[in-house]
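Hi,

Here is the model I said I would pass on. Have a look first, and then read my notes below.

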Amino acid sequence: MNVLDGEVFAVIMAVTIVGSALGIAQLLRPEVSEPFAALGLLDRNCVIGDYPEYVFAGREVEFCIFVGNRMGYPLLARVVYKLGTEADLPTNTTPSGLKPLRNFTVLVPHGGNETFRVRLPIPEDPPEADRVAIIVELWLYDPERGGWTYSGRWNHLYVRVVRV
Amino acid sequence: MTRHPVVSSPRSARYLLTTSVLVAVLAAPALLHVANAEAPDPYSKLYELYTRTVRLASQGIDVGGVVEHLSKALKLLELGRYTEALEELGRAEGLLSELELGAGGTVLRMRLARYGTAAALASVPLATYLLLPRVYVYAWYRARRRWVVVVERTRR
């Protein structure tokens, strides 16, 4: 006498095998499949939106900076501030050739993020252009090389400088 | 009457003073170097500890406590409070050394737990295939144990 129906047993076995395979895949997959670090330039209220259109030469302007970490390990990050024109913007592979005006270093744990207020100085003699670019670049400390490396991430904001 | 050598003459005093100053000037860099070697550069220390922390984190060890100390030290360094930063770095180093000492055992335990769970999950279909029919039959018969089998005799 066949108590357990063959087809019912086959369905139960199929569900069990699929469930087991999914469980193992979930368990053995790498924790971070696509590592990345994020950089954000936020306004003075630490949100996206109310950015200044004009800044004053010789004064400071307030922003917030966001650094996110999904690299799989704690991140020692340095945000480098530069002021230039459209021609001075960095690329995904090379940083801007301008001299850093200020930098900020933070340590962000894996899966975490850090938002902090910064005051960026606008020099007395800003670049001669209709609009200048506030550039922030993300540099990461490379523990293997023992030095700072450009991450390829940057933000910029065009502003008009009022000379006083 | 014997005369003592002229050691206290102005010329001699000038000579002594010049020699002392010269020796001090020449020795100063060496003395400063020794002093610098004794007081570590806080940023170099931070980078060194960070490198060790990343090494541990890449093995899957929880370095949350160390990161907290290092982050605090970094903020103090940015504010120019070097003495407090060095104290915080010292605390981070202590915790890091503890973690490094037990790293081998921790990694082994984590791997055993991970692959043990994977093996248990892999054995679920096999266990189901072997045990389910038996358990089902056992339960089926147990549920009907009070049943009475009646053989009906049919008339021919």
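In which loop is the place of Cys46(A)? Cys46(A) sits in the loop between S1 and strand S2 (54–56) of chain A; helices (H or I, at least four residues) and strands (E, at least two) are DSSP runs, numbered from the N terminus.

Before I go on, the housekeeping. This is a predicted model, where local features need pLDDT of at least 70 and side-chain atom pairs count only at pLDDT 80 or more, while totals for chains, interfaces and linings use all residues. Residues are numbered from 1 along each chain as its sequence is written, and chains are lettered from A and ligands numbered from 1 in the order in which they are written.

Back to Cys46(A): its phi is positive, about 65 degrees, although it is not a glycine. It counts as partly exposed because it has 14 C-beta neighbours inside 10 Å (buried means 20 or more other C-beta atoms within 10 Å of a residue's own, exposed 12 or fewer, partly exposed in between, with C-beta atoms placed from the backbone).

Chain A also has an open sheet of three strands in the order S1-S3-S6, with antiparallel pairing (two strands pair if DSSP finds at least two bridges between them). Strand S1 (36–42) and strand S6 (113–121) of chain A are at the edges with a single partner strand each, so one side of each has no neighbour in the sheet. Strand S3 (residues 60–70) of chain A is joined to S6(A) by nine bridges, and Phe63(A) stands opposite Val118(A) in S6(A).

Now the interface: 28 residues of chain B are in contact with 21 residues of chain A, contact being C-beta atoms, placed from the backbone, within 7 Å. On the chain B side, helix H2 (42–58), helix H3 (64–78) and helix H5 (103–143) of chain B each give two or more residues. H5(B) gives the most, with 14 residues.

The 15 residues of H3(B) should span 21 Å at 1.5 Å a residue, and its end C-alpha atoms are 21 Å apart, which agrees; the expected span is 1.5 Å times one less than the number of residues. Just after H3(B), Gly80(B) has a positive phi of about 80 degrees.

Cheers

How values were computed: Two residues are in contact if their C-beta atoms, placed from the backbone, lie within 7 Å.
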